[in-house]
Amino acid sequence: MKKLLPPLFFTILLTNAVLAQKLITGVVRGEKGSPVPGATVSLKGSTNHAVADNKGEFSIRTYAPFPLTLAVTSIGFATREVQVTEENQNSLEVILIVDNRQLNEISVTARRRNEKIQSVPIAISVVRGNVVEDAGAFNVNRVKELIPTVQLYSSNPRNTTLNIRGLGSTFGLTNDGIDPGVGFYLDGVYYARPAATTLDFVDVEQIEVLRGPQGTLFGKNTTAGALNITTRKPSFSPGATAEVSYGNYGYIQAKASVTGAIASKLAGRVSFSGTQRDGTIYNVSSLKHVNDINNIGGRAQLLYTPSERVSITLIGDATQQRPEGYAQVVAGVVKTQRPAYRQFDNIIADLHYQLPSRNPFDRLIDHNTTWRSGNDLGGVSLNVDAKIGGGTLTSTTAWRYWHWDPSNDRDFTGLPVLTLSQATSRHQQWSQEVRYAGNFSSKLSGVIGIFVIGQNLKTDPYHVEESGSAQWRFSQNSTSELWKTPGLLEGYGIRTTSRLKTLSAAIFGQLDWAITERLHVLPGLRYNYDDKEVDFNRKTYGGLETTDPALLALKNVVYTDQVFNANTDNTNLSGQLTVSFKASDRVNTYATYSTNYKPVGLNLGGLPTSNGQPMLELAEIKPEYVQHFEVGIKTTPSASSVLNLAIYNTDIKDFQTQVQTAELGVNRGYLANAEKVRVRGAELDGNIRFDDHFSLFGAIAYTDGKYKSFKNAPVPLEETGGPSAFKDISGGRLPGISKWTASLGGEASTGGKFLGQGGRYFVALDGYYRSEFSSSPSPSPYLNVDGYVLLNGRFGFRAAKGVSLFIWGRNLLNKNYFEQLLVAAGNAGHYAAVLGDPRTYGVTLRYVFNPSN
């Protein structure tokens, strides 16, 4: 035994010599020499790490042999890797550079390749993923509060309008026969239905908002702009994020995402989101709160990289939403030009009824029909990127579905007027895009592509609208006693079966010719083909069974049968020309002229009648033709600031608009063409980081939208019953456009520790202002929404990995405001409001597992 001791002793000594523990010390500073407390210092290839103290100093012990590598990270700074040797192990000074990706170094894919945002000659704004994550309760509706030129109106997922600069989709209730003018893209896939904008965001990398026509860059024609959303891709390094949020009104949201390698060339990411919230409106009849949130969704991705030049991504997603939601409250009553007995207050007095409240902000309703908004969306896509020559060939194949199961109370009262209003629908789309983007020579680059999309939208099994026992009093248009016939209109309704099939195809491309290093000319062309076919069949049913011609005539005042078919195809050539001049390294200017068009529209909400017959000439409406001029200047006053200005003018011929009529059979309104429309405006936006601790952003937009010529528009609500059902509203303003909108926000932060980990304590505020706007296609002084200001905020601790905890609040001043005003079916004089949310607040706890850092 004694003979063994010396060898064992020397073995231990040798091991300790080879694996002697090393102490590495240093300090982490910012560019200006100030310490960066809370910075995380990690030893690459291990889980060993340390956190810098309030002086930025750190120490880390390791047995790893020299040389070794440290990764130094801190929120708001670019990650820095430092090599450690025996010579510098006790004298490290790590200088972190501010992460200017939050400013002028943001990379965007607007032109289908990665570029710096300040180099792109397009008016474009970006919302980064960290803003989405930290805001609390974030979806597309929140984007408009950060980017003032975005407008979103939603009385339910189907009836959602997404506009940019006041243009894109019809304002008010949606007509399925029209194409949206704002493209909504998620990971390269075009989402045809506006209901997609109600999705809860999860794993968002960034949201790009492109303003103005983009038909030469994107597959589907976009006459007003595009939202280009990218999510985080699967990673071959393991990682996971889990968060849970709690708030008032019973708000709870859970999100989770897991990523990592499955095989040497295969990685995956699985994400989940679930949201619930109690309602914000109280139904005094059912004794329940309504307008709740009940969403659940999932998303799975597989990334296969057979070589360094090829990547293949397969994505599948599904979302289910089951709220008892989207109820509207009566916001006011207008005296129309109908006789006194046809005024709303006299009607409800005769029926011995009173509204539960005349103040919409009491948030009280007594609706006797359940509000239901069953919304299912999902699909699958396959994206292939192959690097060929000096560019990338991309193929995106996708199939998506949308199922809609609603129930609405469109009379907005507790009376049995419209007892059913349900437009159950099923939609499927498939799309294929192939494009090549890259450099063709030393002076020529660009993108060229083809795009095809097919859509099939049908009723499931039919759309139904049915009257109740009180309908006779609202529809009564004479003093005839026959209107009082018992059961005349009770159970009387219409069932509509319709099918819309569309096929769109396009060849598009845009070149970037560098005449000199500073002067670029960018021409683009788009050739589009559109084919649309609709079958519409509406039949009446129910009510009093009678052969009396006089009673049948009264029933026909309310509803009539309608049958029509329409089939149209058309082609169009449009394009754009941009000249970009980089006056200096800090100033980039551009000027653009573009033409664009929106395809023929087909009415799917019923046609107005003339002498008892449907006006079949309105089944098809003309395409829109757009002429757009824009000049812009993008500046970088300093390395940590940007300031951009854009001025534009858009003229539209045969503007497609949704207009309201007093006929119940077209209570959703119908499509029509306004002869000429003009929208012009200016946008100023910028942001700045003052130092390592303070940042500020702001934007202001002036928008002026008018009907230059609309000579045959329906009259506004207050003129219903006058000598004419139509009116020349030329010179009137477009609905949904505030002349002034603005956003302003900022954040203050400092490094620190929380639960022993490094990160930053922060406090952030952002405000949104919009001036008043018209909420009626035909301007009305009674249907204007007052301007308002919203203030949102959050504060807490944020970490790149480990635990983050913060408190957030929206509408902190508890401002009462309308999102939208809607005329009730039949134009009896009352109108309803989509209410903005009251003050909401909550707390979010997030954990990020990311061992690679």
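What follows is a short exchange about a predicted model and the terms used to describe it.

Visitor: Why is S431 called buried?
Guide: Buried means under 20% relative accessible area. S431 has 5% relative accessibility, so it counts as buried. S431 is found in strand β29, residues 425-439.

Visitor: Which residues is S431 in contact with, leaving aside its neighbours within four places in sequence?
Guide: They are T396, T397, A398, F451, V452 and I453. Contact here means heavy atoms within 4.5 Å.

Visitor: What makes R165 and E683 a salt bridge?
Guide: The cut-off is a Lys or Arg side-chain nitrogen within 4 Å of an Asp or Glu carboxyl oxygen. The side chains of R165 and E683 meet at 2.6 Å, N to O, so the pair qualifies. R165 lies in the loop between β12 (160-164) and β13 (182-186), and E683 in strand β42 (residues 670-689), so the bridge ties together parts that are 518 residues apart in sequence.

Visitor: Is R165 buried or exposed?
Guide: R165 is buried, with a relative accessible area of 3%. For E683 the value is 3%, and E683 is buried. R165 and E683 also belong to a network of salt bridges, linked with R211, E630 and D685.

Visitor: What makes D376 and R322 a salt bridge?
Guide: Their side chains meet at 2.8 Å, N to O. The limit is 4 Å, so the pair counts. D376 lies in strand β26 (residues 372-388) and R322 in the loop between β23 (310-321) and β24 (329-333), so parts 54 residues apart in sequence are tied together.

Visitor: How many salt bridges does a search of the whole structure find?
Guide: The search finds 34. Another one of them joins K220 and D179, at 2.9 Å, N to O. Both K220 and D179 are buried.

Visitor: Which strand gives the largest share of the nonpolar patch?
Guide: That is β41, with three residues. K653 lies in strand β41 too, residues 641-659. With K622, K676 and K711, K653 gathers in a patch of positive charge on the surface.

Technical notes: Residues are numbered from 1 along each chain as its sequence is written. This is a predicted model: local features need pLDDT of at least 70, side-chain atom pairs count only at pLDDT 80 or more; totals for chains, interfaces and linings use all residues. Side-chain values use heavy atoms; hydrogens and water are left out. Patches are made of residues with over 30% relative accessible area and no salt bridge: like charges are joined within 9 Å, nonpolar side chains (Val, Leu, Ile, Met, Phe, Trp, Tyr) within 5 Å. Accessible areas come from the Shrake-Rupley method with a 1.4 Å probe; for residues, only the protein chains shown count as cover. Lys and Arg count as positive and Asp and Glu as negative; His and the chain ends are not counted. The place of a charge is taken as NZ of Lys, CZ of Arg, CG of Asp or CD of Glu. Helices (H or I, at least four residues) and strands (E, at least two) are DSSP runs, numbered from the N terminus. Buried means under 20% relative accessible area, exposed over 50%, partly exposed in between (1.4 Å probe, protein chains only).
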